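Hi,

Here is the structure I promised to pass on. Could you have a look at it alongside my notes below?

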Amino acid sequence: MTDTPIFEGLMAHREKHYSPFHTPGHLNRGFLPQELLTLDFTELPDTDALFEADGMIARGEEHLTRLYGSARSLISAGGCTLAIQAMLALACTGGRKLLFARNSHRSAVNTAALLGIDPIWLLPESGGGFTGRVSASAVAQALEEHPDAAGVYITSPSYYGELSDIPGIAEVCRRHGALLLVDNAHGSHLAFLQENLHPIRLGADLCACSLHKTLPVMTGGAALHIADPVLADGARQKMALFGSTSPSYPIMASIDLCCGYLSGSGRDAYRRLEPRVARIKRLAADRGLSQPEGRCDPLRVSIRTADAGLRGQQAQTAYFHRHLIEPEMCDGTNVVLLCSPFHTEEDFTRVEQAISGLTAETSVPEHTPSPLPEKVLTPREAVLSESERVAVSDAVGRIAAESACPCPPGIPVVVPGERIGAPEASLLLRSGIDTLLCVRGTFTRKSPRHPRKRR
């Protein structure tokens, strides 16, 4: 028999018939036509080229631009990572400083290392067991301390759906002459709700959207949205700097189909979904289960199962899988569900049955973030140094060469270049992370140069 473990594994998962409350947004429920599998072409005289688009791809991007109200929107077939890489490159020409929210995705941290950006970290305010948000006042204070910063990079919504005060932060950035960059990977749908909550609409200068996460787009389909026409002029070149020269045409075609859907019945479908999801959130609240405070994504359900004495993984097995539900994520204290217009009433009923079995009682203690670890090297110095994988139990005093980000709280315990202390090692072990890539050798201060590699 032919050995096809990936194909067979995916087929086996499909046969479980779980209600999929996770990415991608189309849920494999038939929105995307089977013909997409016959459209795996390459750059030909009549099929345009993504990074030199002047034909059908350029027209598709014009449609995307109109939908989001940007100065320009560019397609990525390399996921949100490519859009993040491009917008960081656009913002940080000449090695200027950038303020980073500490809950930035590892793709942003890795890009900072590649571009030689030395992040100035902004800690989100406590989120009661969830990620929390960086406030406009914290951004203002940081920009006062770093007036030469080129911009501010934040994540909104957070993985738990917490929405930042984009208008307030955007106003602060404008006063200080700084750009506002938003990782909106999980919020592509926010432009199509009853109230347009998309970062570009609210004042962001650059925004990366992982379209496939919450819209009916094939995995890997994303977009870079640009509000400033001046930045738009160099954006395609920055995308080409990082992107594959062989982008997937089926992925690009799925973005095109999604744009057509959103221009027609799709917008109403997302708006009709909001009250249905609100009922699920009210049920969780009635059971005494905490949810993120403040303004949140109306279509994301994040529940603190620790309030019922269950860690997220226990709730996944004991309650959600029992009701044939596959959540987006189950961590140490929470469960996250992504809701889509392609869910059925049976799907939502299963969720309500699972939540009805949870009752607030003895809570699992939540993690309290520690102060930031000591910075010894820049991310670039650490990532490009000789490194070795080390048991976390033996890593105290070593310098991280990669990010380690257990959930919760969705904030890296260490990023490349930081020294691992006993508190960090203990938290990583409690989170199930038992090895970490570390820089070879020991350093007692921040190195002025890249550590020399052994020949």
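Now the caveats. This is a predicted model, where local features need pLDDT of at least 70 and side-chain atom pairs count only at pLDDT 80 or more, while totals for chains, interfaces and linings use all residues. Residues are numbered from 1 along each chain as its sequence is written, and side-chain values use heavy atoms, with hydrogens and water left out.

Back to that pocket (on a 1 Å grid over the protein atoms alone, an open set of points where a 1.4 Å probe fits, with protein on both sides within 12 Å along at least five of seven lines; lining residues have an atom within 4 Å of a point). The largest pocket has a volume of about 1,200 Å³, volume being the space filled by probe spheres set on the points. It is lined by 30 residues, and R14, H26, L27, N28 and R29 are the closest to its centre. Two or more lining residues come from each of α1 (5-14), β1 (19-21) and α13 (345-356); helices here are DSSP runs of H or I with at least four residues, strands runs of E with at least two. The largest share, five residues, is from α1.

The second largest pocket holds about 580 Å³. Of its 29 lining residues, N103, H105, R106, Y159 and H186 lie closest to the centre. Here α3 (79-91), α4 (106-115) and α8 (211-214) are the elements giving two or more residues, and α3 gives the most, with four. The lining divides into eleven nonpolar, 15 polar and three charged residues.

L44 sits in the loop between β1 and α2 (56-68).

Is S188 buried or exposed? It counts as buried, at 0% relative accessibility (buried is under 20%, exposed over 50%). S188 is in the loop between β6 (179-183) and α7 (199-202), and its C-alpha is 21 Å from that of K238, 50 residues apart along the chain.

Cheers

Key: Ala, Val, Leu, Ile, Met, Phe, Trp, Tyr, Cys and Pro count as nonpolar, Asp, Glu, Lys and Arg as charged, and the others, Gly among them, as polar. Buried means under 20% relative accessible area, exposed over 50%, partly exposed in between (1.4 Å probe, protein chains only).
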